Amino acid sequence: MKYFILIISGTIFLASCVKDDFIDDRVDPVLRISNAPDTIAIDTLYQFQYTYRNNIGIEEEIDVNWSSSNDAIFSIDQNGLCTPQGIGSAYVKIDAVTNELVDSALVHIGNETVIPTTERTGSLNTTTFYTLEGDFVLREDGDNLILEFAENYEASSSLPGLYVYLTNNPNTTSGAYEIGAVSVFSGEHSYSISGVDINEYDYILYFCAPFNVKVGDGQFEN
Amino acid sequence: MDNLKIRLMKKTLIILFTLGVTQMAFAGGWVKSKGTGYYKLYQWWTVFDQHYTDQGLIDPNVTMGLYNTSLYAEHGLSDRITLQANIPLFSRNIMNNLVSSNTGNILAEGDALNSIGDIDLGFKYGFNQSKTPIAVTLMLGLPTGNELGGIMENLQTGDGEFNQILRFDISRSFQIKKLNTYFNAYSGFNNRSEGFSDEFRYGFELGSSFNKYSGNVKVFAVESLKNGDSTIGANSTSVFANNSEFSAVAIEGAYAVTDKFGLSLGFSYAFRGEIIAAAPSYSIGVFFDTSK
């Protein structure tokens, strides 16, 4: 009898150790011109910048090539420094040396530099059987960002510890920016976000924190 | 971290399964004779990586486990009154690490909590101990466990709630050839504190014994009255715990090694539920029955 108890107790003790759950957190790598202007003043230089995120959404530096579609409008060196040559429009293009990722933007050369006001939009989708839907807009408000959810927003109030994040990997909260606990479950509402660039993240993520479970997400469409 | 939400969710999961065991153990309209008793040391556990949603559908979650080493006792204080107790002497709640399959990095660290669990303590009064015994039980759920443990304070070995269950049992014994058989039905009311919804409970049990072997099958359910404190929701906490429900089936078998000592094995599974783990629970134990 005592051996039976010892064997059972030992087996259960070993089985009760904290183990690993594996998740596939792969995302498509992204290469993007991160500060494309609408117009560059003809008498100024402009420094283009890029963002590359790897297959788990982590930002990295890689070797890239910059090019102009029309050197008569502007030229660009391999560090992304743009030199206007004449009034007009041309595409600036960046391509990764080590893979096939490319990005491009139409740039005008004019009398003054114009940086467009960015407003990013998207829609939430549930990835579970819990309700999560609605459109959202991320816009700049001085030094802060405002994340606004539209009237068609709806989230299940049944979930414990539902949190909303900005992230570049919608499979995990690792590396994500925590906006806060969800306290509004339907209708219009907004969050004020500080210390984040408007192009820094590509997804809104809803996550059940106590169970480390993704509830749904929404990718910025622009 | 919104601890109250976490607490509510965990409470639901833990409580329902604990009650599953409790209901298994406390079944029956019979009471013990004065001075006799049934005592069982058992291990109960469940490990789940999915749960029933608020719509009764199944969604995944990070793997969690609850392991209870408990002492269960029924002791006859008189020929009419039996003291009942279920004491989780050691309760362990775990949550697995979440690991990237691409990099092998830990994305979210797991955790574990060890402590005593919530104690159930009650008295059963037997009205009629003939072939159709009737009994009423008052069971108190004492918040002796840890309701807020672990690094993230999202692990629990108790619920922090004092609840009171009033339960009626009616049983019937009969013979099927050489099998000593019984049937039991019960209904009960769980008055919950801390703003949680009260619950109506009911269940049916069919058991039989032959020589050294005995076994039973139970079907039982918990239906929420959904009358919880609405201020819980107003304070941005989840209200689903007030509305959790389930129906479950349990099978238990026992083998009497000697006249008084024996082994027991149990299995339970909620085949319908809302906001509870969608995984089986198991139990194994040794018992000592002085009434034989």
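In chain B of this predicted model, Ile134(B) has Ile170(B), a residue of strand E9(B), as its bridge partner. That pair belongs to the antiparallel pairing of strand E8 (residues 134-142) with strand E9 (residues 163-176) of chain B, which are joined by eight bridges. Chain B holds two helices and 15 strands.

**Strands E9 and E10 of chain B**

- Besides its pairing with E8(B), strand E9(B) pairs with strand E10 (residues 179-191) of chain B in the antiparallel sense, over 13 bridges.
- Within this pairing, Ile165(B) has Asn190(B) of E10(B) as its bridge partner.
- E9(B) and E10(B) form a hairpin with two residues between the strands.
- In that hairpin, Lys177(B) adopts a positive phi near 55 degrees.

**Burial and contacts in chain B**

- Chain B has 292 residues, of which 48% count as buried.
- Among the contacts in chain B with a separation of 6 or more, 62% are between residues 24 or more positions apart.
- Ala270(B) lies in strand E14 (residues 261-274) of chain B.
- Ala270(B) counts as buried because it has 27 C-beta neighbours inside 10 Å, and the cut-off for a buried residue is 20 or more.
- Leaving aside residues up to four places away in sequence, Ala270(B) touches Phe246(B), Ser247(B), Ala248(B), Ile276(B) and Ala278(B).
- Ala256(B) is 14 residues from Ala270(B) in sequence, and the two are 28 Å apart in space, C-alpha to C-alpha.

**The contact between chains A and B**

- Chain A contributes 34 residues to the contact, and chain B contributes 44 residues.
- On the side of chain A that touches chain B, the elements giving two or more residues are helix H1 (2-15) and strand E1 (20-23) of chain A.
- E1(A) supplies the largest share of that side, with four residues.
- Sorted by class, the side of chain A that touches chain B consists of 17 nonpolar, 11 polar and six charged residues.

**A sheet with strands from both chains**

- Strand E1(A) pairs with strand E4 (residues 97-100) of chain B in the parallel sense, over four bridges.
- Asp21(A) has Leu98(B) of E4(B) as its bridge partner.
- E4(B) also pairs with E5(B), in the antiparallel sense and over two bridges.
- Together the three strands form an open sheet with mixed pairing, in the order E1(A)-E4(B)-E5(B).
- The edges of this sheet are E1 of chain A and strand E5 (106-108) of chain B; each has a single partner strand, so one side of each is left without a neighbour in the sheet.
- From one strand to the next, the twist in this sheet averages 40 degrees.

**A four-stranded sheet in chain A**

- Four strands of chain A form an open sheet with mixed pairing, in the order E3-E11-E10-E7.
- Strand E3 (39-41) and strand E7 (64-68) of chain A are the edge strands, each pairing on one side only.
- The twist in this sheet averages 30 degrees from one strand to the next.
- Strand E10 (residues 88-96) and strand E11 (residues 102-110) of chain A run antiparallel and are joined by eight bridges.
- Ser89(A) stands opposite His108(A) of E11(A).

**Strand E12 of chain A and its partners**

- Strand E12 (residues 119-126) of chain A pairs in the antiparallel sense with strand E13 (residues 132-141) of chain A, over seven bridges.
- In this pairing, Arg120(A) has Leu138(A) of E13(A) as its bridge partner.
- The hairpin that E12(A) and E13(A) form has five residues between the strands.
- E12(A) is also joined by two bridges to strand E20 (residues 213-219) of chain A, and these two strands run antiparallel.
- Thr126(A) stands opposite Gly216(A) of E20(A).

Definitions and conventions. Residues numbered from 1 in each chain as written. Chains lettered and ligands numbered in written order. Predicted model: local features only at pLDDT ≥ 70, side-chain atom pairs only at ≥ 80, totals over all residues. Pairing = 2+ DSSP bridges. Contact = placed C-beta atoms within 7 Å. Nonpolar A, V, L, I, M, F, W, Y, C, P; charged D, E, K, R; others polar. Axes fitted to C-alpha atoms, helices over the stretch in contact; angles between N-to-C directions. Buried ≥ 20, exposed ≤ 12 C-beta atoms within 10 Å, placed from the backbone.
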